[in-house]
Amino acid sequence: MLINPRPDPAPSAHDRVYRGMRGRIMHGEIGPGEALTLRGLGREFGVSMTPAREAIRRLAAEGALTLSNSGRVTTPELTNDRIEELAALRALLEVELASRALPRAHIALIERLQAINARIAEDIARQDGVAYIRRNLEFHRTLFLRAQAPAMLAMAETVWLQLGPTTRALYGRLRRKDPPHFHRLIIAALKAGDEPGLRLAVRSDVTQGLKHLTRQGE
């Protein structure tokens with residue numbers, strides 16, 4: 001006798017708010033220091049204040065939101081020291097993830113990364129900062145999924161989440177015209193099976209971004 005599996009339950013109200021806001025913050029749709037209200041989130045997602053409050057607490061625990069003693073909720077405004085700390089974490093985690101992904105970097109993966117990089121160039125041509133950040137993270141996540149290290153990737157995504165608003169503010173000022181140079185080096189290293197070259201390209205991609213992020217506060 002075959003037993004039909006139960007369908008996955010619908011996401012809870014607070015999970016809908018959490019996932020929706022998490023994506024927006026990570027992709028820079030909300031700038032640094034912007035205030036949020038429970039009432040506003042409730043209206044936007046069609047939920048009561050309780051699930052909105054639960055989602056905010058969850059995001060605050062991940063460093064994506066800041067809660068003041070008065071209850072004010074904002075996206076964080078990062079100091080240069082904090083940016084350097086987060087970038088150092090990115091360098092450690094992402095270099096290791098890339099290294100672990102290399103043995104599984106088949107041709108289909110490389111072609112997928114090339115396609116994403118081409119779309120990044122289109123986002124830059126349109127001066128669409130949010131799409132650029134989303135696609136840039138898609139490039140990294142697509143590679144890192146091949147590492148088969150979910151705990152490490154989850155840690156990297158938490159760092160991306162905390163940097164999202166600040167990164168968006170930066171790219172709104174840079175007005176860059178070319179796709180990331182180090183993405184091409186990452187792809188070349190994957191094609192060649194060059195682990196030292198891959199580790200260097202990933203580290204350079206992160207540290208160059210760090211230089212721009214910290215320079216904006218000088």
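# Salt bridges, pocket and loops in a predicted model

Q: At 26% relative accessibility, how does Arg199 count: buried, exposed or partly exposed?
A: The relative accessibility of Arg199 is 26%. Under 20% relative accessible area a residue is buried, over 50% it is exposed, and in between it is partly exposed (1.4 Å probe, protein chains only). Arg199 therefore counts as partly exposed.

Q: Which pLDDT do local features need in this model?
A: Residues are numbered from 1 along each chain as its sequence is written, and side-chain values use heavy atoms, with hydrogens and water left out. The model is predicted: totals for chains, interfaces and linings use all residues, side-chain atom pairs count only at pLDDT 80 or more, and local features need a pLDDT of at least 70.

Q: Which pattern does the chain follow along the sequence?
A: Helices (H or I, at least four residues) and strands (E, at least two) are DSSP runs numbered from the N terminus. The chain holds 9 helices and 3 strands. Read along the sequence, the pattern is α-β-α-α-β-β-α-α-α-α-α-α.

Q: What percentage of the residues of the chain count as buried?
A: The chain has 218 residues. The buried share of these residues is 45%.

Q: How many salt bridges does a search of the whole structure find?
A: Side chains of opposite charge can pair when their charged atoms come close. A salt bridge requires a side-chain nitrogen of Lys or Arg within 4 Å of a carboxyl oxygen of Asp or Glu. Across the whole structure, the number of salt bridges is 14.

Q: How many residues apart in sequence are the parts that Arg199 and Glu96 tie together?
A: Arg199 and Glu96 form a salt bridge, with the closest N and O atoms 3.9 Å apart. Arg199 lies in helix H9 (residues 195-215) and Glu96 in helix H4, so the pair ties together parts whose separation in sequence is 103 residues.

Q: By about what distance along the helix are Glu85 and Arg82 separated?
A: The side chains of Glu85 and Arg82 meet in a salt bridge at 2.8 Å, N to O. Glu85 is partly exposed at 42%, and Arg82 is partly exposed at 30%. The two are 3 residues apart in helix H4 (residues 80-101), and so their separation is about one helical turn.

Q: Which helix gives the largest share of the lining of the second largest pocket?
A: On a 1 Å grid over the protein atoms alone, a pocket is an open set of points where a 1.4 Å probe fits, with protein on both sides within 12 Å along at least five of seven lines; lining residues have an atom within 4 Å of a point. The lining includes Leu36, Arg53, Ile56, Arg57 and Val73. With 3 residues, the largest share comes from helix H3 (residues 49-61).

Q: What volume of space lies in the second largest pocket?
A: Grid points are joined across faces, edges and corners, and a volume is the space filled by probe spheres set on the points. For the second largest pocket, this space is about 170 Å³.

Q: Is Gln148 buried or exposed?
A: Gln148 lies in the loop between H6 and H7. Its phi is positive, about 55 degrees, although Gln148 is not a glycine. With a relative accessible area of 55%, Gln148 is exposed.

Q: What distance separates the C-alpha atoms of Ala169 and Pro32?
A: Ala169 is found in helix H7 (residues 150-174), and is partly exposed at 22%. Ala169 and Pro32 are 137 residues apart along the chain, and their C-alpha atoms are separated by 7.3 Å.
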